[in-house]
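Hello,

Here is the structure we spoke about handing over. Please open it first, then read the notes below.

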Amino acid sequence: MPRRIGRDRCPVGSPRRSCIRFRAPVQGSAKIAVARRLGRGEGMTDQKQFYAGVDWASESHHVFLTDGDGRKIGERVFRHGGEGLAELAAWLTATSGATEAGQIQVAIEVPHGPVVETLIERGCQVHAINPKQMDRFRDRFTLAGAKDDSRDAEVMASALRTDRRCFRLLAAADPVVIELREWSRMAEDLGAERNRLTNRMREQLWRYFPALLELENDLGAEWLLDLWEAGPTPAKAARIRAATIAKLLKRNRIRRVDATHVLAVLRTPPVKVAAGTTEAASAHIATLIARIRLVNRQLKQAHQRLDTLTARLVPTEATEPGQRKQHDVEILASLPGVGRIVLATLLAEAFDALQRRDHAALRSLTGVAPVTKRSGKSCIVIRRQACHDRLANAMYHWARVAIQHDSRSRLKYAALRSRGHSHGRALRSVADRLLNVACAMLKTGTTFNPSLAEQKLSC
């Protein structure tokens with residue numbers, strides 16, 4: 001008796017209309033499965049199709065090629081590199097005998113990388129699958145848990161032939177989006193590195209100069225780094241003149257504190273430490289400051305590149321009217337809570353789903369859609385952990401800022417908190433609503449109008 005593998009109708013990121021709903025037998029002849037599909041009129045194409053599974057690795061890639069009936073055509077291992085990947089693409093075309101590269105359907109566990117880009121550039125139809133789904137498909141071939149590269153490549157080729165609905169068809173991305181994605185991830189890495197360095201600096205200041213911690217929470221601020229270099233020890237800092245501090249503050253455009261306050265903090269009684277502690281901590285901080293200044297410059301450059309690349313996604317006036325992405329950047333930027341980082345992350349990591357206006361895919365990718373586990377009388381709703389980490393983090397900050405500036409989001413958050421929801425759960429619900437609003441605005445091509453939201457709220 002055939003059974004359905006999995007319970008999801010479509011994989012995340014795939015259009016629903018392209019899903020072919022048929023069942024594949026767990027065991028049995030491949031010819032029987034093909035006959036059943038052809039008998040129902042499914043899987044019929046004008047050209048013969050070939051299916052390949054690629055088990056990729058860092059040094060070599062194992063490829064398994066079958067025909068439309070599941071019969072093995074060839075199997076080979078290719079070394080990673082420009083020559084090896086070119087040979088892989090040429091071997092697929094020559095061995096299959098396909099007249100066009102589009103007849104070759106390739107399955108792989110990773111949706112990006114040189115293997116995927118090479119095959120797409122050659123015209124092959126590349127499909128990605130989640131490794132967890134791949135592990136379930138492997139049970140069709142062995143129940144003992146055996147695993148090797150050859151079997152994995154064969155499993156992917158067979159699964160793509162019988163259950164293509166479980167795969168996600170990949171396409172060549174916009175060059176601007178590729179560059180934006182890389183700069184967005186670089187900015188996140190630089191921010192994390194800056195936090196690590198400032199935390200180490202905070203620890204050293206706490207050892208011998210805790211008064212400096214009272215002036216600024218952000219120890220990576222340029223004016224605080226200049227102030228420490230002017231007085232690296234409590235004794236030297238106490239001898240700094242007020243005019244010197246005033247010039248320092250003016251040069252860095254700091255107005256929230258004045259020279260008198262800074263000088264009073266620096267001249268507080270220092271901590272008594274053992275001999276050599278001040279010199280050792282000062283030397284450590286000197287090395288940290290040089291690295292913090294470098295990271296600050298790189299982070300500033302990354303933010304400038306994010307703004308430039310985001311602006312390049314907005315079409316010029318010469319663009320033909322009616323294009324789907326004509327106002328996407330402007331629409332998303334108009335939403336409350338969306339800033340430079342959130343906007344760049346959404347465009348870089350969820351560009352395809354945004355282009356399709358696929359709210360269901362966006363909810364799953366960002367992690368705001370809960371997971372329901374129902375069995376008999378039991379029904380449990382839990383947080384979705386299988387999501388994109390960067391998108392989930394962006395949604396958290398989007399909702400966090402939105403409840404501070406948008407009255408509708410603030411009321412929704414307060415209502416959820418009054419019902420006993422945790423802070424994180426309430427923010428995910430707010431983010432879910434914001435995603436729904438964003439998709440509706442993208443479909444209609446309108447920007448966010450806060451006055452309209454206030455009118456609806458008053459009614």
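**Helix H9 against helix H10**

The crossing of H9 and H10 is right-handed. Keep in mind throughout that this is a predicted model. H9 covers residues 242–251 and H10 covers residues 259–266. Their axes come within 9 Å and cross at roughly 120°. The two helices are therefore oblique to each other. Angles from 65 to 115 degrees would count as roughly perpendicular.

Which residues make the contact? On H9 they are Ala242, Ile245, Ala246 and Leu249. On H10 they are Ala259, Val262, Leu263 and Leu266. By class, the contact of H9 with H10 has 8 nonpolar residues, no polar ones and no charged ones.

E4 (residues 104–108) and E5 (residues 125–128) run parallel and are joined by 4 bridges. Val106 stands opposite Val126 in E5. Ile108 stands opposite Ala128 in E5. Helix H3 (residues 114–121) belongs with this pair: E4, H3 and E5 make a right-handed β-α-β unit.

Do E5 and E6 run parallel or antiparallel? They run antiparallel, with 2 bridges between them. E6 is made of residues 168–169. Here His127 stands opposite Leu169 in E6. As a general point, strands of a sheet pair through backbone hydrogen bonds, either parallel or antiparallel.

**Helix H4 against helix H5**

H4 spans residues 131–138, and H5 spans residues 149–162. They pack at an angle of about 95°, with their axes 10 Å apart. H4 and H5 are therefore roughly perpendicular to each other. Met134, Phe137 and Arg138 of H4 take part in the contact. From H5 come Arg151, Asp152, Val155, Met156 and Ala159. The contact of H4 with H5 holds 5 nonpolar residues, no polar ones and 3 charged ones.

E7 takes in residues 371–375, and E8 takes in residues 378–382. The two strands run antiparallel and are joined by 5 bridges. Ser375 stands opposite Ser378 in E8. How many residues lie between the strands of this hairpin? There are 2. Gly376 in the hairpin takes a positive phi near 65°.

**Helix H16 against helix H17**

One more helix pair to look at. H16 runs over residues 389–405, and H17 over residues 407–418. Their axes come within 6 Å and cross at roughly 110°. That makes H16 roughly perpendicular to H17. H16 brings Ala402, Ile403, Gln404 and His405 to the contact. H17 brings Ser407, Ser409, Arg410 and Tyr413. By class, the contact of H16 with H17 has 3 nonpolar, 4 polar and 1 charged residues.

**Where to start**

After that, go to the contact of H9 with H10, with its 8 nonpolar residues.

Best wishes

Methods
Residues are numbered from 1 along each chain as its sequence is written. This is a predicted model: local features need pLDDT of at least 70, side-chain atom pairs count only at pLDDT 80 or more; totals for chains, interfaces and linings use all residues. Side-chain values use heavy atoms; hydrogens and water are left out. Axes are lines fitted to C-alpha atoms, for helices over the stretch in contact, and angles run from 0 to 180 degrees between N-to-C directions. Angles under 35 degrees count as roughly parallel, over 145 as roughly antiparallel, 65 to 115 as roughly perpendicular and the rest as oblique. A crossing is left-handed if the near helix is turned anticlockwise from the far one by less than a right angle, and right-handed if clockwise. Contact means heavy atoms within 4.5 Å. Ala, Val, Leu, Ile, Met, Phe, Trp, Tyr, Cys and Pro count as nonpolar, Asp, Glu, Lys and Arg as charged, and the others, Gly among them, as polar. Two strands pair if DSSP finds at least two bridges between them. A crossover is right-handed if, with the strands pointing away from the viewer, the path from the first strand over the helix to the second runs clockwise.
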